[in-house]
Amino acid sequence: MPQFEQVSVFSSLIFWSVISFVALLFLLKKFAFPPILEILDAREKKIRDDIEGAEKINQDAEKLKADFDRQLKTAHEKANDIIQLAHDSSKKETEKSLQDTQGKVRQMIKEAEHEIQASRNKLLSEIRSYTAALTIASTERILKKAMDEKEQKRVVDETIEEVIQELEKRA
Amino acid sequence: MAEKESPLHHFELHPIVDIHLGGLDLSINKAVIAMWIGMAVVYGLFMLVGKKGTSMIPGKLQSMLEMSLEFIKGMVKEFIGDEGMKYFNFVGTLFFFILCCNLIGLIPGSYTITSQLVVTGTFAVIIFVMTLIIGISKHGGHFFSILVPPGVPKIMIPVMVPIEIISMLARPISLSVRLFANMTAGHTVLAVLFGLGLSAPMWIGWLPLGFTVIINGLEIAIAVIQAYIFTTLTCVYIGDVIKLH
Amino acid sequence: MGQDNGFHQGMGFAARLGTEMVAATLIGAGMGYALDWLFGTRPWFLALGVIFGGAAGCLGVYRTAMQTINENNENDNNETDSNP
């Protein structure tokens, strides 16, 4: 095999292969590997960032949705409360106005009764006073004329007539 | 004439540019030129990508180079660990160097420098010495505990130490011989088949020539696999001395 | 490169197994031969060297195999852990 027999080329083969290897190592390390390794790292980073960003957006969206749901729920509750409140207050109002009206009516009835009583009392007292006046007047007349029975009778009648007329006029 | 007929004669080298330096023959021959062409191709591919500007969305060539670097990166990380990225440049260069040397030799008329045992042996020895230096600089005197496997009774130590030394030494030998033998065997088979095809009469001669083409395709796969194995084992050996059992 | 974990390991082991055993035996023989040449005790060191070399080769294969088995077990455990 020439690989073992041709000893004279060994030195040059070893020398040039090692030198070339070192040169290639230098060139690749300096110029060839870095851009590609960089782009690999950059892509890896970008993918990771993108996924993380997407996850974050997803989380945000979920949070927003939860927020929204919660707000909706509270709004619903509030609306229900308001309706309930309105219902209650209107009911109370109605009851109150009913009660008020009833009270007023009662009051009015009472007042009316009172007035009736008062006017009757007044009437009665007036009657009494008229009767008294009448009695006095008639007695006066009787006493003035003094006299004959005929006259007396006529005067009493006259007076009664007058009193009645006056009463009727008043009534 | 008899030697010319030998399927091994194409492994012979003749100086193209004579250089003699202090008694050393440093002539440039076909093997060296083939190696340089291969290296130029590798470097040119990288520069083509670098000149066009690497982009987030890779082209065909860029994604191919990216894949190979990603592959080497995975290998380094797996065998050496996270601190292995220190050796990434060395391992990557080793892979591309051997790959281009292996592949350039498949072009008829060129030469595979990795079919020279001295070359593969030199690299194996460099790697071996490198692992020793890495191990000693990392672990100091404690490094020699690699010669005593854990869990071995004290009486066995005089037996185990030579065995461990032998298996340590077997690594560079097997590393270099494997690459050399694969390359040499493949090229010898190709040469034999080609010679057969040329010397046989036309009506049967197409058969070995056809085989030459098929085996050449197979050889491409072997060239890649051997480059891969060489770098993988380099990583394994470096990882072994870093982890120490 | 997670899916390549097993692949790299497997290729590494496959490549090491065969040649390292042979190489270890040859190294052992070579060292024995050298010692014999040094002390003129042929063939005792050569015989011892071949035995040691063979042992080293077998040990390497054994160790690689054990490592593979352990890693397979670990992988199995991990798989069963991750898929309860």
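Here is a walk through how the chains of this model meet and what packs between them. The model is predicted, so local features need pLDDT of at least 70 and side-chain atom pairs count only at pLDDT 80 or more, while totals for chains, interfaces and linings use all residues. Residues are numbered from 1 along each chain as its sequence is written, chains are lettered from A and ligands numbered from 1 in the order in which they are written, and side-chain values use heavy atoms, with hydrogens and water left out.

Let's start with who touches whom. Two pairs of chains touch, and chains A and B have the most contacts of these 2 pairs (contact means heavy atoms within 4.5 Å). Chains A and C don't touch, with 12 Å between their nearest C-alpha atoms.

So what does the A–B contact look like? Chain A brings 35 residues to it and chain B brings 49. The buried area comes to about 3900 Å², with carbon and sulfur atoms giving 77% of that; buried area here is the accessible area (1.4 Å probe) that two parts lose on being put together, summed over both. Of the area that chain A buries against chain B, Q3(A), F21(A) and F33(A) supply 16%, more than any other three residues.

The A–B count is 2 salt bridges, a salt bridge being a side-chain nitrogen of Lys or Arg within 4 Å of a carboxyl oxygen of Asp or Glu. D41(A) forms a salt bridge with K73(B), and their closest N and O atoms are 3.4 Å apart. On chain A's side, α1 (2-5) and α2 (10-145) each supply at least two residues to the face that touches chain B; helices are DSSP runs (H or I, at least four residues), numbered from the N terminus. The biggest giver is α2(A), with 28 residues.

Now for the packing. The largest nonpolar core holds 73 residues, and L13(A), F46(B), L69(B), F96(B) and F97(B) have the most contacts inside it. Such a core is a set of buried Ala, Val, Leu, Ile, Met, Phe, Trp, Tyr and Cys residues joined through side-chain atoms within 4.5 Å, where buried means under 20% relative accessible area (1.4 Å probe, protein chains only). Helix α4(B) (88-104) gives the most to this core, with 12 residues. As for L13(A), its partners include L13(B), V32(B), I113(B) and V119(B), leaving aside residues up to four places away in sequence.

Conventions:
Buried < 20%, exposed > 50% of the residue type's maximum accessible area, 1.4 Å probe, protein only.
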